[in-house]
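Here is a short briefing for a first look at this structure.

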Amino acid sequence: MYESELTWRQVDEYLVETLVEEDETLIAARESGAETTMPQAEVAPNQGKLLALLAEMIGASRVLEFGTLAGYSTIWLARAVGANGRVVSFELEEQNAAAARANLERAAVSDRVEILVGSASESARRLIDAGTESFDFVFIDADKPSNPEYLRASIELTHPGSVLVIDNVVRNGAVIDPDSADDRVQGVRSVLADIASDSRLEATSLQTVGSKGWDGFTIIRRAR
Ligand code: DHB
Ligand code: MG
């Protein structure tokens, strides 16, 4: 816990109350994160809105998400794609998917969201093999050791112009340790190296502080 963490939280509260309107269904979805296998791992309200804005800025109608949890970011993205859009979200745990289904129902976006329960790698493989229509926007926010695999799958499931966002790339600064024994840190470092060496991808990463502590996003544009 950093001494400044209280201030980061207070600033986030100010920014959220000023600019980010959460309706009852988003509040309920965020709070039900506590019922999942990863309490508090959902994005913050201002981060959820960032995802929605990015998706809207590119006119995304098809969104792919790795890691549903209780569906908080899923609702933001489902609203961003609109009534004729589609969100496919991969979730390993049935317990989390059940919470998400209830939240998506309450948010009245169930009809445009499909949760695929099971290994995200296997679900992605099935979509690739089925020749699924490509996605415009991808949010990678599941088990971190699999980030490199999720990026590879995402490239097969997107098109030039697609935007990809990866969550949790800073992890309290742990990302700078090449010898980290934490396989989540190694998953981030590997995916960042893969992005850097892939000429199809243009990317940057930002550190963030706020109600989620000190972490960060990688934002990628698939150029070709
Ligand atoms: C972890 C994962 C997340 O997606 C997140 O937002 C915060 C923490 C984790 O694996 O610890
Ligand atoms: Mg996350």
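Arginine 30 is partly exposed, at 25% relative accessible area; that class lies between buried (under 20%) and exposed (over 50%), with a 1.4 Å probe and protein chains only. This is a predicted model: local features need pLDDT of at least 70, side-chain atom pairs count only at pLDDT 80 or more, and totals for chains, interfaces and linings use all residues. Residues are numbered from 1 along each chain as its sequence is written, chains are lettered from A and ligands numbered from 1 in the order written, and side-chain values use heavy atoms, without hydrogens and water.

**Salt bridges**

- The whole structure holds eleven salt bridges, each a side-chain nitrogen of Lys or Arg within 4 Å of a carboxyl oxygen of Asp or Glu.
- Side chains of opposite charge can pair when their charged atoms come close.
- Arginine 30 meets glutamate 22 in one of these bridges, at 2.8 Å from N to O. Glutamate 22 is buried, at 15% relative accessibility.
- Aspartate 141 and lysine 144 form another, with their closest N and O atoms 3.1 Å apart. Aspartate 141 is buried at 13%. Lysine 144 is buried at 9%.
- Arginine 221 and glutamate 202 also form a salt bridge, at 3.3 Å from N to O. This pair links distant parts of the chain: arginine 221 sits in strand E7 (residues 213–222) and glutamate 202 in strand E6 (residues 201–210), 19 residues apart. Strands are DSSP runs of at least two residues, helices (H or I) of at least four, numbered from the N terminus.
- Arginine 221 is partly exposed at 39%, and glutamate 202 is partly exposed at 44%.
- Arg125, Asp129 and Glu156 are linked in a salt-bridge network.

**Aspartate 12**

- Aspartate 12 lies in helix H1 (residues 5–19).
- Aspartate 12 is buried but has no salt bridge. The nearest side chain of opposite charge is arginine 9, 7.5 Å away.
- The side chain of aspartate 12 makes a 2.7 Å polar contact with that of asparagine 46.
- A polar atom of the aspartate 12 side chain also lies 2.6 Å from the backbone nitrogen of serine 211.
- Beyond neighbours within four places in sequence, aspartate 12 is in contact (heavy atoms within 4.5 Å) with Asn46, Gly210 and Ser211.

**Lining residues**

- Residues that line the largest cavity include Glu42, Tyr72 and Asp141; lining residues have an atom within 4 Å of a point on a 1 Å grid, where a 1.4 Å probe fits but cannot get out.

Note on methods
Lys and Arg count as positive and Asp and Glu as negative; His and the chain ends are not counted. A polar contact is a pair of N or O atoms within 3.5 Å; within protein, one must be able to donate a hydrogen and the other to accept it, and residues adjacent in sequence count only if both atoms are side-chain atoms. On a 1 Å grid over the protein atoms alone, a cavity is a set of points where a 1.4 Å probe fits but cannot get out, and a pocket is an open set with protein on both sides within 12 Å along at least five of seven lines; lining residues have an atom within 4 Å of a point.
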